[in-house]
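Here is a short briefing to read alongside the model. Have the viewer open and follow along.

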Amino acid sequence: MNNTYDTLVIGSGIAGMEASLLLAKGGKKVCLVEKLPLIGGNIIKNEESYPHLECSTCMVAPVQQEILQHPNIDLMMLSTVQKVEGEAGDFHVTLHQKPRYVSLTACIGCGMCYEPCPVSLKNEWEENLSDKKAIYIACAGALPNVPVIDPEHCLQISGKKNCKACQEACMFEAIDFSDQENEVDIRVKTIVVATGFELLDVSHFSHLGYGKLPGVYTAMEFERLFASNGPTSGELTLRDGEKAPKSVAIVHCIGRKEQGYCSGVCCMSSLKHAHFVKHKLPDASITHFYSDLCVPGKLSQKFLHQVKEEGVHFIFQTDPEAVRVAENGSGLEVKYTHGKGVQETLSVDMVILEPAMIPDKTASQIAKILAIDQDNHGFFRTLDEKAGSTETSRSGIFVAGCAEGPKDAQYAVIQAESAVGHVVRSLSVSHTE
Amino acid sequence: MKTTTAKSLRVSKKEGVRKPILAFLKSLLTDAVFDAILIPMQVPAGDSYAWVLVKDPSLLDQANPLAPIMPVQGAKALKSLTRKGEGNLKIAAVMRPCEVRASVELAKLNQIHLESITLMSVDCPGVLPVADYFENPGESEKRFNAMLSENRWGNGSMKSVCQICEQFSILPSSDFHFGLMTGSESSVVLISSSPKGQRVLKDRSLDGSVSLSDWENGIESIRQERKKERTKRFREVQSMVEGFDGLLKTFARCIGCHNCQSACPICYCRHCYFGSEASKLDSDFILKKAEQRGGLSFPLDRRMFHVGRMSHMSLSCVACGLCSDACPVSIPVADVFSFVADQTQRTFDYKAGEKREEPLPIRQYRLEEIKGVEEWVKDAEGVES
Amino acid sequence: MRLKIGVYVCECGPNIAERVDIDRVIKVISSLEEFEDIELVVKRYKLLCSNDGQAFLKNEIESNALTHLVVAACSPRDHESTFMNVCKKTNLNPYLFNMVNIREHCAWVIPDKAKATEKAIRSIRAGIRRTLHQSELLERELDANPDVLIVGGGIAGMEAALMLADEKRKVCLIEKTERLGGKSIFYSQLLSRQGNSAKMIQQKIEAVQQNAHIQVFTETELESVVGFFGNFEIVLKVGKETELQTGLKAGAIVIATGFRLLNPNKLPQTVYQKEDEVYTTLEVESMILNEGKISLKSGKSPQSIALVHCVGRDEKGYCSTICCSTIIKIARMLKAKLPQISIRVYYRDLCLPHKTDQQTYEEVKAEGVDFIRVKEAGIQNTSIEYTQIDGVKKKESADMVILAPAMEPADGTEALAELLNVSLGETGFFQEAHHHLNPVATSIEGIYIVGAAQGPKGISESVAQAQAVSGKILNRLIPGEKIVPEVKVCKVLEDFCTGCQTCLEVCCYGAISFNEVKGVSVVNEAVCRGCGNCVASCPSGAMRAIHFTTPQLYREMIEAIR
């Protein structure tokens with residue numbers, strides 16, 4: 001592995017992938033760092049993406065393939081940035097890579113190794129809705145199609161037992177229990193930060209019952225439940241795995257007040273969720289609790305009308321977060337305020353909470369390592385006086401995607417391309433100097 | 001902008017409609033409203049008709065806007081005239097509605113140029129099958145004219161596609177129309193429905209106070225009868241061609257002459273695949289096929305030819321029936337093709353040649369098109385599970 | 001020359017080997033009678049995509065002097081490019097190679113091994129047959145001009161120009177009006193997150209004017225464009241006398257024609273006359289900018305101002321995204337200038353999708369601006385008629401009314417789309433190539449869209465898009481580097497073409513033109529991407545996709561099913 005690059009891209013979500021690929025195609029050498037064992041980011045968790053309801057996996061898979069195969073991209077998975085020194089044009093970066101225990105070159109992804117593994121764990125990538133083995137891939141279709149071993153729970157690696165079940169099952173001698181963590185020093189001229197987002201943890205809104213009432217789901221859980229490569233292979237059932245919900249409440253703006261911003265995309269994804277339910281369970285009744293329908297852009301409102309026509313109800317709440325969800329027999333009841341302060345209840349089988357988008361949990365640490373500013377929400381700050389630019393407070397470092405603030409995939413890609421524009425400009429400047 | 005104006009021509013019972021129409025057309029030539037008129041004309045021997053581009057007004061005496069047969073489709077004549085672009089002459093083409101529709105289809109396919117052409121349509125009683133007519137042209141003329149004057153439209157001796165034709169009168173795509181079915185025998189209504197049509201009526205001294213309702217009622221009542229007949233006939237055709245065997249049987253007589261294709265106004269390809277080298281097969285391959293089936297009949301690909309032609313032109317088929325006229329072995333080609341065309345055109349909510357501004361279905365994509373397919377896929381999935 | 005076809009069956013570890021009887025496959029394929037005058041080399045290998053496998057394949061091609069190659073393995077999506085690259089290292093043309101998928105199509109989906117084997121044999125036979133009908137295709141390189149034409153001198157166009165122009169790349173920026181800046185020059189203030197100062201706009205205008213690599217044409221429109229990515233030839237209509245400027249060349253074109261505001265007078269629910277104290281957001285912005293204050297036509301100060309959101313939203317069928325923040329910004333400016341008066345904002349949904357905007361809203365609310373939520377609202381001169389969220393209808397009046405009308409595509413959008421052969425979306429804005437993955441490109445390679453021409457948006461988003469275009473162009477159009485167009489293109493068989501021009505209408509890339517003299521269609525192979533739309537729609541069979549010809553597909557299919 002060559003250790004000098006034109007650009008270090010941190011995060012392999014839609015923004016990070018677009019930035020890497022665009023640069024690589026333009027002949028730039030890119031090091032792409034991803035903390036997970038797979039690439040693709042949050043977008044591949046979605047079965048379909050609005051407004052065209054295009055299959056996300058199908059849409060993104062060719063991009064992922066190109067990333068994996070492009071000679072100008074060195075992909076470092078299971079890796080994090082430890083240290084950054086130097087300055088624009090010559091950053092010295094130390095990366096830390098965790099062991100995968102499975103060779104990316106030898107493994108062909110046949111999947112023979114999972115079956116014999118005796119360990120069973122919750123699959124957190126699937127929002128804990130399904131189980132995985134100690135050697136696993138996140139979900140069917142994950143790329144690269146190469147598993148990883150969880151060292152903490154693997155009997156062999158954790159030293160609990162001399163188990164070699166997976167190694168024996170592998171025809172390609174791809175599994176190496178002695179794989180070690182690794183520190184890599186590289187030198188890069190520019191850095192693009194694309195660390196993405198996560199959804200606000202809603203378990204602290206105790207009145208919404210998440211974590212206590214099994215019928216309450218987060219938006220991300222629902223996305224996986226609907227996904228054809230997800231825990232239920234796309235079958236829409238409650239946590240018992242059998243019963244399909246007859247009635248669903250979708251509660252908007254969870255955490256909007258607390259966070260102090262509107263995430264701008266959740267209304268559209270909640271409408272998409274309503275459409276999903278209607279699509280799979282045409283007789284299910286669906287009720288949205290919302291305060292503002294934020295459907296910006298030239299195509300979104302049409303989708304809103306389409307969903308309204310499908311027979312989905314909308315109930316206005318001054319503050320949707322103030323609804324209460326309680327147990328009601330085998331189901332749930334949603335208490336809300338109707339009209340001028342009248343309390344009403346609605347019985348449902350399923351509640352989907354639509355939480356705010358917040359920065360990825362690694363954001364503060366990365367901000368410290370890169371010495372770039374965050375805003376008061378923890379997103380990376382761009383220069384106000386250069387409205388719309390992707391330049392951060394530090395020269396040579398650019399930010400793209402939801403690491404900069406909540407946004408949809410389109411705008412994330414736009415920012416990635418913008419960051420690439422800045423990267424290429426600064427490279428040509430340092431070149432001519 | 002669509003502008004409709006109507007006037008009327010007086011007709012005496014003895015004269016019939018042909019003479020006053022020809023006199024009117026003659027005045028258009030002498031007053032230089034048009035430089036030439038394309039119209040069917042009886043051949044000198046008096047036993048058939050040909051398309052003639054008339055410059056000399058006196059020639060119009062032999063013309064017949066309501067010829068009893070259609071040996072050549074008018075759109076073909078118009079195509080010969082304008083295929084290589086247009087001259088500066090202003091030309092009127094006096095045609096049956098199916099000829100107007102074929103012309104409009106060909107114009108959409110850039111095979112005809114209509115910029116300087118005024119399309120004049122005539123209420124069409126239908127035409128006789130050419131084979132019937134040629135048995136005794138003189139007798140046939142008399143029979144046809146009698147039917148015309150007695151208003152016995154949709155008569156059983158007309159071509160079978162004519163008997164079930166619903167688009168036999170004014171069309172949104174014609175510039176000018178001669179309405180014959182006025183109920184009273186004393187007038188022909190003249191309707192202009194485009195700026196080009198307006199030019200025709202301008203400065204003509206004609207009876208201006210016309211009520212169109214008699215004519216409209218007359219047309220509508222014929223249309224209703226034909227509609228009924230059409231449903232019935234299509235059911236018969238369906239049971240005739242349904243399934244692979246039905247199709248084989250219907251076209252079993254085919255001798256592979258491709259006359260239907262030559263006569264068809266819509267089949268406009270320079271070279272047909274079915275006549276090309278590409279369609280020829282190695283003899284080894286043919287032997288193998290014969291071995292598989294036990295035997296193979298020649299010429300090859302006779303049914304495939306019909307299915308292929310159908311899939312190529314059915315969206316533009318105007319059901320003029322020339323293919324049946326052209327068939328030397330009396331296969332009811334037009335009945336089958338018009339039946340299929342009715343279904344394919346309905347799928348895309350399209351009527352060949354009816355409106356000029358309607359794009360050809362193959363050139364545009366509409367979301368609704370997919371919805372039908374989705375339903376179909378769902379049904380298919382349902383069957384499987 | 002005697003043909004020699006190499007057929008290599010990949011075991012893919014146990015994936016294929018365990019589910020398909022490869023020995024039988026090899027035996028049957030080696031002894032196929034129908035290929036008896038062709039020499040077949042049939043072998044198996046454990047993993048062809050591995051480095052060893054690729055080296056093996058390279059050696060096989062060279063040592064056997066193969067004329068054609070068939071690899072039976074996984075999906076072409078996984079490794080077609082891998083094996084084509086192996087071919088490229090040898091003398092074998094990569095388009096004489098064919099990949100047969102016996103993993104996803106056979107091994108993984110057919111539980112019965114005998115049946116899977118049978119299907120694998122048929123597929124390989126079909127693949128061999130297809131390969132025999134394939135022809136050598138050659139990659140070509142074309143010179144490319146790195147210069148860029150930008151249409152529209154608003155904030156997006158200027159930003160794109162500044163990002164793109166340098167010593168090696170000239171930018172030609174054309175603007176329809178007499179000055180640069182677009183709508184943004186009417187703003188007295190930007191949003192707080194945009195640095196709050198309108199100076200930024202002025203600085204950009206100056207930077208553009210001073211940049212030696214940017215040539216600005218004001219009062220100029222596009223007259224015609226011919227050519228393709230890397231090689232556009234452009235004619236401009238310059239100045240009031242509209243003299244034509246020819247000879248301009250560019251490798252890429254950026255559309256930055258912006259927007260106009262919907263005329264509220266056209267709507268039935270907003271009834272007012274010119275003399276009424278009713279203004280659009282843009283009119284108020286320029287009033288504050290030019291006069292430095294807010295006043296009625298009489299010169300007096302208004303005592304109450306009403307601001308109405310979503311004017312024309314339903315009629316247009318979309319939310320214009322930026323009007324909520326604009327109204328809040330204006331309300332704040334009004335409050336600062338006239339702290340004592342009543343300012344009431346009538347809104348339907350708060351659409352504040354940017355992370356800082358809600359905070360601004362909370363602040364403005366705290367400063368004493370009233371926000372009234374309505375189901376719908378209209379005006380009769382300066383009285384506001386609205387329906388509350390509970391259905392109750394109300395009527396209020398104000399000294400001055402400010403409307404936030406929807407953003408529409410700029411004048412001339414349709415004509416420009418036609419001139420450039422790019423599509424407009426259903427709401428009339430320019431259509432991006434892919435909503436998520438390619439938002440600043442159009443379906444025509446080398447033509448890009450930025451700013452409100454692509455859809456309603458604000459300054460920041462327009463700037464981001466302009467910078468995104470620079471990212472695209474700087475990486476795709478590198479000075480001195482050649483471009484490699486698609487190899488698997490479509491061609492016209494002139495003898496068959498009847499000139500109906502159906503292909504011109506279905507081509508998404510503008511690759512087909514019409515030769516009036518010959519009366520036939522002509523494919524520009526530098527632009528064609530080989531999608532085959534024209535092939536499928538040609539009524540007379542005159543179009544050929546050169547790597548998907550009828551004989552190739554027909555023979556492959558016949559071989560598979562016989």
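Two residues count as in contact if their C-beta atoms, placed from the backbone, lie within 7 Å. By that rule, the contact between chain C and chain B takes 14 residues from chain C and 12 residues from chain B. This is a predicted model, in which local features need pLDDT of at least 70 and side-chain atom pairs count only at pLDDT 80 or more, while totals for chains, interfaces and linings use all residues. Residues are numbered from 1 along each chain as its sequence is written, and chains are lettered from A and ligands numbered from 1 in the order in which they are written.

**Where chain C meets chain A**
- This contact takes 54 residues from chain C and 55 residues from chain A.
- Helix 14 of chain C gives the most to its side, with 15 residues; helices here are DSSP runs of H or I with at least four residues, strands are runs of E with at least two, and both are numbered from the N terminus.
- The chain C side has 24 nonpolar, 22 polar and eight charged residues, where Ala, Val, Leu, Ile, Met, Phe, Trp, Tyr, Cys and Pro count as nonpolar, Asp, Glu, Lys and Arg as charged, and the others, Gly among them, as polar.

**Chain A as a whole**
- Chain A has nine helices and 23 strands.
- Its C-alpha trace spans about 70 × 60 × 35 Å along the principal axes.
- Of its 433 residues, 53% count as buried, meaning that 20 or more other C-beta atoms, placed from the backbone, lie within 10 Å of the residue's own.
- Among contacts in chain A between residues at least 6 apart in sequence, 68% join residues at least 24 apart.

Conventions
Buried ≥ 20, exposed ≤ 12 C-beta atoms within 10 Å, placed from the backbone.
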